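Have the structure open as you read.

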Amino acid sequence: GQGRPRPVLAPCGRAGVVGMEELCDGVEAATLQAATVEAASAEVSSSATVLAGDDASLCPKKRRVQSCAEEGGAGSQLLMQGLALIAKVPLFANIKACEHPQLVAAFKSVEYEADQVIVSQGEEGHELLIIDGGRAAMKVKGPPHLPVRELVQVGILSSGDYFGEAGLLHAGPWTATLQALDKLRVWTLDSADFERLGLRHRLRFRRRMAVHEGAEPPADLEQEELDVPPKTEEERAFLRKALLANPRLGPIVQSLSEAELDKFMSQAQRRHVPQGEEVLRQGDVKIDFFYIIEQGTFMVIRDRELVEQWGPGCSFGERALLYREPRFSTVRANTNSTLWQVRRQDLRGIERAQLQRKLEDYAALLRRVELLQGTPEFEIQRLADALVEVTFQRGEYIVRQGEVGKAFFILNRGAVDVEAKGQEPTRLVADGEAGLEFFGELTLLQDLPRWWTARWRTGSVVAASGTVSALVLDREVFLRLIRRTAAAAKADPGADRSGLRAYSRERLEEVGLLGCGRFATVSLVRCVDTGLTFALKSLFKARVVEQKQEHNVKMEKMILKTTQSPFLIRLLATFNSARHIDFLLEAALGGDLLTIYGRHDFYGSAAHGRFYVGCCLRGLEHLHERHIIYRDLKLENVLLDASGYAKLTDFGLAKFVIGHTYTRCGTPDYMAPEMVAGAGHTTAVDWWALGVLTYALMEGALPFDAPQSCMIFWKVERGIENVRFDSPSATWVDLVRDLCKQKPSERLPVRAGGARGVFEHAWFAEAEFDQTALDRRELPPPYKPEVSGPVDLRHFDPDMAEAPKETTPYVDPATGWDADFEDTWGPASLD
């Protein structure tokens, strides 16, 4: 943010936000016109014709262009329309109403007829588009594995939706084609006017909500098979073609073996649908099937309006099925029709087939390790899932002679040199046919200096080829899986409680609202006895049960009780009442990074970025050491305490995991590719999210931002290589690319050296960043929030519209899910 253009909008005539009617009622049309003439950078004719490029399948962009600078009543009327629209767009919520006229004056209004192209994918984009009336289809070129890359519709924008905000920050090609579905008006703001008005860091980007697909699937990947007639060759070919054409499923299907694809298609059921029957209803949360149209046509209806029609070969329903979103549209048979329908569990099964094959290969390797001979097969399978693939570059030490060994290595790809004092190096090469190369297995049983086996000499192991891949089994994980003992008995109520105190829900009074999320509200509360303040996270029990979040709520409590780090929000107590369950948490009153950066224009500041990334890194390390995946790192979930240090909060999606887990959850903008694919993920997803967060801090935008989640996921699948950077040679850019590698094992903290590699990266090294001082909280923060006292709420900007509602009264399901939730004993001090 240093050296960025400062706002040049005219100052408000009086303090506070001026209401839209108050602003406009007393102003003559001529005065409004005069205020807009200066803002218009060029005279615009009342109509213009612009060609859309070479795409003959789309109607060219013949459109009518207007601006508020036009003389007469037309310009004033257009200004009034623009003012009404801007007031409803969340992107401009931080701009005062008295500044709106000059903002609207910088826009141009463009009218399109149905089927006309608004922008084309691949063309250079440098403007923001806001839809005002009508609807536009968002289309992208089909997946690259298709022989003909036709445009595939991935979403629909309607009035108030906007597209292209990334183009305001840095010009680049449009990531999608927008085509008018009916007559509509589009307001456009050029990047030059955007900079002139000083709006770069005054936009209010929407808060990202996390999504969760529900309860965990069964551990085994085998699904109940249906008794359906076998498919003919023609039917199989039709289903294959339709699956390949689907932009989200095509790449997954292409990677399946013939046997796996056959098994999947064998489960597809034919369904006859009479004219007028609704297959899907907009807003439904009962999500069971994915559909392929074999015969007939279907109407797609959204908000009671017909938006398009689908015919044979089209497929639908995978978006809600994969991401557990409510159905986006109503789909009604226009004629007597025939569908193929595929169950949710079968669809998820094909996503996991690749991972299952990989784990079977890992298990085969483990069976060849002498130490593991005789290990029960189910334990071998669990150990295979716990293996982590780690990559090393030429010259990196995998093992240093004399160090204490804490892992077992299987050479998977590449070559290494074994170096021992006074002896020639020994070259080992990964070759499955010649024999398995592994080392460190004795360290699984005891802490010894690094040994190979009884027949191998001690020594260091160094990567000898360009890239070396090793499968690593952590000693602690091994002992936890193989040497586990009976579960610890429940804590004795009479156990030592020194350093603890009892907290009472009845002795807390609410001070004000801190924030809202999909499932909870967080309030600042004060103890009437001590005057101390805390954050109280409250969830409606009815919502918890309705959304099947009982297990996750208990998991969140367990994780909070397990962690104790200055970089994580800490838990003090939990309460259970008739309608609510509550977490009593440490209060960090400095605000979240999204709010702080928006108010103080810190975007682009390396000093701020390094400090906050360093805090997040240490918090994630603490979680990962305890085998906890966070899964919801984002600007909104990083809080500053009164001293300016950052802490991670909201562990509603966190989970204890050894190996892989499958629930698709998180905030779409921060989701890693393997999370999007739903094929199993590990702690590596948190490092991807840290790369996204670093990009956001330095660029003031999100790398994969889009109006709809399906578009975000499409961008994520394309990878960080297709993301534009303002300064591509900057060292922080290299760090983001290292954190956001498509392959999880290649992300910097997963490689040799672990998270230490981030602090050793050039971006931190060039500033001589002191990690030790950070850990001791002795490193001066780049910003210290003004906090006048324990009830100061100035750094929070909650929106009650986002607060969850209790839709139905709570009825106890008699499962006992909340029986042990309340725990009123917690740390007496957080020092």
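Are α17 and α19 roughly parallel or roughly antiparallel to each other? The model is a predicted one, in which local features need pLDDT of at least 70, side-chain atom pairs count only at pLDDT 80 or more, and totals for chains, interfaces and linings use all residues. Residues are numbered from 1 along each chain as its sequence is written, and side-chain values use heavy atoms, with hydrogens and water left out.

The axes of α17 (residues 606-625) and α19 (residues 684-699) lie 10 Å apart, at an angle of about 165°. The two helices are therefore roughly antiparallel (angles over 145 degrees count as such; they run from 0 to 180 degrees between N-to-C directions, with axes fitted to C-alpha atoms over the stretch in contact). Helices here are DSSP runs of H or I with at least four residues, and strands are runs of E with at least two.

In the contact (heavy atoms within 4.5 Å), Y612, L617 and H624 are among the α17 residues, and W687, L690 and M698 are among those of α19. The contact residues divide into 11 nonpolar, three polar and two charged.

Now to the sheet. Four strands form an open, antiparallel sheet in the order β23-β28-β25-β26, where pairing takes at least two DSSP bridges.

|---|---|---|
| β23 | 397-399 | a single strand |
| β26 | 426-429 | a single strand |

Strands β25 (residues 415-419) and β28 (residues 460-463) pair over four bridges; S460 in β28 is the bridge partner of E419.

Key:
Parallel < 35°, antiparallel > 145°, perpendicular 65-115°, else oblique. Nonpolar A, V, L, I, M, F, W, Y, C, P; charged D, E, K, R; others polar.
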